[in-house]
Amino acid sequence: MNEDKFKIFASCVVANIHTTAQQAIVFLYFRTKFSGGKATLQELLSDFEIAGLGRPLSFRLRGILTKDRRTKRVAEDTWIIPSNK
């Protein structure tokens with residue numbers, strides 16, 4: 001992943017999106033669109049740290065991704081946002 005491009009993206013996320021759930025979906029979208037098509041839980045946790053948002057609890061982030069209807073679990077602790085969402 002291009003970390004400079006992500007930092008620019010993350011600064012917009014921090015300024016405009018204020019809930020952890022929405023931020024998680026947006027970071028998953030970025031990884032789905034620009035970084036290989038899928039994201040692991042650890043990658044998303046590191047995205048929060050790079051964005052300066054701290055590190056959410058892994059079980060909470062897993063719950064957010066599991067419950068959201070826009071996401072699809074493709075492997076253990078790996079999610080995507082399907083192209084039809």
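At 12% relative accessibility, Thr71 counts as buried, where buried means under 20% relative accessible area, exposed over 50% and partly exposed in between (1.4 Å probe, protein chains only). This is a predicted model, in which local features need pLDDT of at least 70 and side-chain atom pairs count only at pLDDT 80 or more, while totals for chains, interfaces and linings use all residues. Residues are numbered from 1 along each chain as its sequence is written, and side-chain values use heavy atoms, with hydrogens and water left out.

Thr71 sits in the loop between helix H4 and strand S2 (72-75); helices (H or I, at least four residues) and strands (E, at least two) are DSSP runs, numbered from the N terminus. Its side chain makes two polar contacts, listed below, a polar contact being a pair of N or O atoms within 3.5 Å, of which, within protein, one must be able to donate a hydrogen and the other to accept it, and residues adjacent in sequence count only if both atoms are side-chain atoms.

| Side chain | Backbone oxygen | Distance |
|---|---|---|
| Thr71 | Leu65 | 2.5 Å |
| Thr71 | Asp68 | 3.1 Å |

When residues up to four places away in sequence are not counted, Thr71 touches Ile25, Leu28, Leu65, Trp79, Ile80, Ile81 and Pro82, contact meaning heavy atoms within 4.5 Å.

Leu65 also belongs to the buried set of helix H4 (residues 58-67), together with Leu61 and Ile64. Seen down the axis of H4, these buried residues fall within an arc of 90°, so they line one face of the helix; the arc is that of the directions from the helix axis to the C-beta atoms. They pack against helix H2 (20-34), helix H3 (41-50) and strand S3 (78-80), whereas the face of H4 turned away from the buried side carries the exposed residues Phe59 and Lys67.

Strands S2 and S3 pair in the antiparallel sense over 3 bridges, two strands being paired if DSSP finds at least two bridges between them. Within this pairing, Arg73 stands opposite Trp79 in S3. The two strands form a hairpin with 2 residues between them, and Asp77 in the turn has a positive phi of about 55°. The open sheet of 3 strands has the order S1-S3-S2, with antiparallel pairing; its edge strands are S1 (39-40) and S2, each of which pairs on one side only.
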